[in-house]
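Visitor: I would like a close look at one part of this protein. Could you walk me through a helix, its charged pairs and its packing?

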Amino acid sequence: MTTTGKQPVLHLLAREVPIPTLLSPEAQAQLAQSPGISNPPWPAQDDIDGWRALIATMDETGLAGLTMMAQQVPATVEEINTDGVRVYVVTPDGCTVGDQSVYLDIHGGALLWGGGESCRALAVITAGMVGAEVWAVDYRMPPDHPYPAGVDDCVTVYRSLLRDRPAEKIVIGGSSAGGNLAAATILKARDQGLPLPAAAVLMTPELDLTESGDSFNTLMGLDTGLTTRLMPANLLYAGGHDLTDPYVSPLFGDFTTGFPPTFLVSGTRDLFLSNTVTMHRALRSADIDADLHVFDAATHIGFIGTPESEDRTRELRRFVDRHWGR
């Protein structure tokens, strides 16, 4: 142990980290693959063309995989405009006629990418997971639309849903950056006097844009799904606002004045593990019902098409069905 400035630092020897043998063979095979594609070099904050090029590259990289998974879910998709915000409404086959249950889905993508066709594909995948109608918000993003544009779009869509659906039939959720916006949407809607939704789903959520949690240091390099900090993207998204503003980093919110029951998911190799477990503690400290699921060896992107991912989906379905009263 040494001290650098005012902060003690623990030095560890280089070591090999084996893949846990208790995982399914499919999950072990995924962990054995090379790390995911890292982001290209971050542009300077004022390099707008550079950011646009990066965003286009990341969208192109992820779309093929999302499209392939979405094709496995039989569903109908309608694109609508609600109060100026584009929304993809997805109805999976087998939905009960008259069921008002709806999942307000907010896509991930470092708060910068994942819109358009990626948003559409992810909405179909989510509809297959929750077995209910999904409204996916194609919210505005930087570099042209930094905070608060994205949060405002999500609140706008939630307000629109409330015209036709009771709050107790609405679940708001998202993964990664979508988890940030899902929580921020709930906080901002609550503070504007709107009723709380039935529940929240925060999957490996990017809740702390200061990136101050322990796992940002301890799991860097071990998480093969998220291979870099996102601070340049965080700063671009915040657009000069304080990163500890609760609508920017919901982890710093006041939950004592109300927050819905929450489902949280992470993994022991997830760079955002600290975000997830610290949010769980913040909610429980405010006496909010919160279910925390941490999967062994799961990275930020988790496992795809494995018994572990089926287990996660089963738990998610149980949670949303319970809070929809189905």
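Guide: Happy to; what follows is a walk along helix α2, with a glance at charged pairs elsewhere. Please keep in mind that this is a predicted model.

Helix α2 covers residues 48-70, and we can begin with D49. This residue forms a salt bridge with R52, with 3.6 Å between the closest N and O atoms. Side chains of opposite charge can pair when their charged atoms come close. Both partners belong to α2 and sit 3 residues apart, so about one helical turn separates D49 from R52. D49 counts as exposed because its relative accessibility is 57%, above the 50% cut-off. R52, at 40%, is partly exposed.

Now let us turn to how the helix packs. Two packed helices are described by the angle between their axes and the distance between the axes. Here the partner is helix α3, residues 117-130, whose axis comes within 9 Å of that of α2, and the two cross at roughly 30°. That angle is under 35 degrees, so α2 and α3 count as roughly parallel to each other. Their crossing is left-handed. On the α2 side, the contact is made by D59, L63, L66, T67, M69 and A70. Facing them from α3 are E117, S118, A121, L122, V124 and I125. Sorted by type, the residues of this contact of α2 with α3 comprise 8 nonpolar, 2 polar and 2 charged.

E211 and R229 form a salt bridge whose closest N and O atoms are 3.4 Å apart. E211 lies in the loop between β8 (199-203) and α6 (215-218), while R229 lies in the loop between α6 and α7 (231-238), so this pair ties together parts that are 18 residues apart in sequence. E211 is buried, at 5% relative accessibility, whereas R229 is partly exposed, at 29%.

Conventions:
Residues numbered from 1 in each chain as written. Predicted model: local features only at pLDDT ≥ 70, side-chain atom pairs only at ≥ 80, totals over all residues. Heavy atoms only, no water. Salt bridge = Lys/Arg side-chain N within 4 Å of Asp/Glu carboxyl O. Helix = DSSP H or I, 4+ residues; strand = E, 2+ residues; numbered from the N terminus. Buried < 20%, exposed > 50% of the residue type's maximum accessible area, 1.4 Å probe, protein only. Axes fitted to C-alpha atoms, helices over the stretch in contact; angles between N-to-C directions. Parallel < 35°, antiparallel > 145°, perpendicular 65-115°, else oblique. Left-handed = near helix turned anticlockwise from the far one by under 90°. Contact = heavy atoms within 4.5 Å. Nonpolar A, V, L, I, M, F, W, Y, C, P; charged D, E, K, R; others polar.
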